[in-house]
Amino acid sequence: MFTIDAHLDLSMNALEWNRDLRQPVMAIRSREAGLQDKPDRAKGVVAFPELRKGNIGLVVATQIGRYVAPDNPLPGWHSPEQAWAQTQGQLAWYKAMEDAGEMVMIKDLPALEQHIALWNDGTPNDNKPIGYILSLEGADSLVTLDHLHRAYQNGLRAVGPAHYGPGRYANGTDATGHLNEQGRQLVREMEKLNMILDATHLCDDAFWDAMDIFNGAVWASHNNCRALVDHNRQFSDDMIKTLVQKGAVIGGALDAWMMVPGWVRAQSTPEGMHCNLEKLIDHMDHICQIAGNSLHVGIGTDLDGAFGKEQCPYDLETIADLQKLPDMLSGRGYKAADIENIMHGNWLRFLRHAWK
């Protein structure tokens, strides 16, 4: 079934992990054998051939560049200008993949409809470009609001104001605090540009501020449920209810620590924690029960977000295994229309409404 993944850090994987994503996953793993500079070496699960094999024809692909103040222990850049330069290098990689015929940027409704028609024309996927919608994960790299406009001209269509820790515009996971004045201005300017607000990673205070201020299209590209895994990275039921009221779609993430409670980084294993794809459906089902329908969940794997086989469901060897989900959803009692909603329909409806 045609599938949309609303969160892949492709450019980070290609540049910082030095992976040629045109090669099959197994070839990338083989080349990384013996490397130990990153925890997921030789364990990656994402590459273009596997995206095509899994009929994943459209992704939301990120840029990311965090600024860190002198007292911030997180990894990142020491000035917003450096962070901006990092994201521009990532954009250059996406453009290089376009030049190579591997990807195509989707930034408006005509391009979206043309691309969906191509992927649904009944011919093999082997040589079809993977469509990507450009998103910014954490807004630290936007030196000024003028940079937001420049980014929009370059094709940026969604922004998550925060990532981890304290940010220049908003605080994110493991931090607290309301949107600062810069953040409020950013959100208002995004609305003027008809950009999508990604609520993922916003700390609770900033989340509620953004929901009050922003009247445009809101999604959560990769987020799970606090009721199932109690952590501030997850959405509470009240947050989910507000997102549903705003017509948002929430993409289910496949980072194991977000899927099962009690995960200990660098110690727990997917098998030991019984973390499989059914756990993703648990989170999706929780949202569907709150909403009363299947219209507000989708897929947002984050599968190449600095982790691989060591920290994702044990029954997923590569991203192509997302095609296991339709049968699993059917086994939970989801009807064909619901399954189509989750695999692609909700994201398409959302985009058609946002870009009309």
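**Notebook: strands, rings and a pocket**

I began with the strand pairing: S1 (residues 3-8) runs parallel to S2, with 4 bridges between them. For the record, I'm working on a predicted model.

How many residues of S2 are buried? I get 8 of 8 for residues 56-63, so I'm noting the strand as mostly covered, with buried meaning under 20% relative accessible area.

Then the aromatics. My count came to 8 aromatic pairs. Why is Tyr94 with Tyr132 a stacked pair? The ring centres are 4.9 Å apart and the planes sit at 15 degrees, and planes under 30 degrees apart count as stacked. Tyr94 belongs to helix H4 (residues 80-99) and Tyr132 to strand S4, so the pair links distant parts of the chain, 38 residues apart. I found both Tyr94 and Tyr132 buried.

I looked at a second pair, Trp219 with Trp347. Their planes are at 85 degrees with centres 5.4 Å apart, so this one goes down as edge-to-face. It also links distant parts of the chain: Trp219 is in strand S7 (residues 218-219), Trp347 is in helix H13 (residues 336-354), and 128 residues separate them. Trp219 and Trp347 are both buried.

Which residues cluster with it? I have Phe48, Trp93, Tyr94 and Tyr132 in one aromatic cluster.

I also looked for charges over rings. Lys38 puts its charged end over the ring of Trp17, 4.1 Å from the ring centre. Arg157 does likewise with Tyr152, its charged end being 3.9 Å from the centre of that ring.

Last stop, the largest pocket. I get about 1000 Å³ of space in it. It is lined by 40 residues, and the closest to its centre are Arg66, Pro75, His163, Gly305 and Ala306. What is the lining made of, by class? I logged 16 nonpolar, 12 polar and 12 charged residues.

Key. Residues numbered from 1 in each chain as written. Predicted model: local features only at pLDDT ≥ 70, side-chain atom pairs only at ≥ 80, totals over all residues. Heavy atoms only, no water. Buried < 20%, exposed > 50% of the residue type's maximum accessible area, 1.4 Å probe, protein only. Helix = DSSP H or I, 4+ residues; strand = E, 2+ residues; numbered from the N terminus. Pairing = 2+ DSSP bridges. Phe/Tyr/Trp six-rings, centres within 6.5 Å; stacked < 30°, edge-to-face > 60°. Lys NZ or Arg CZ within 6 Å of the ring centre and 35° of its normal. 1 Å grid on protein atoms, 1.4 Å probe; cavity = no way out; pocket = protein on both sides within 12 Å on 5 of 7 lines; lining within 4 Å. Points joined across faces, edges and corners; volume = space filled by probe spheres on them. Nonpolar A, V, L, I, M, F, W, Y, C, P; charged D, E, K, R; others polar.
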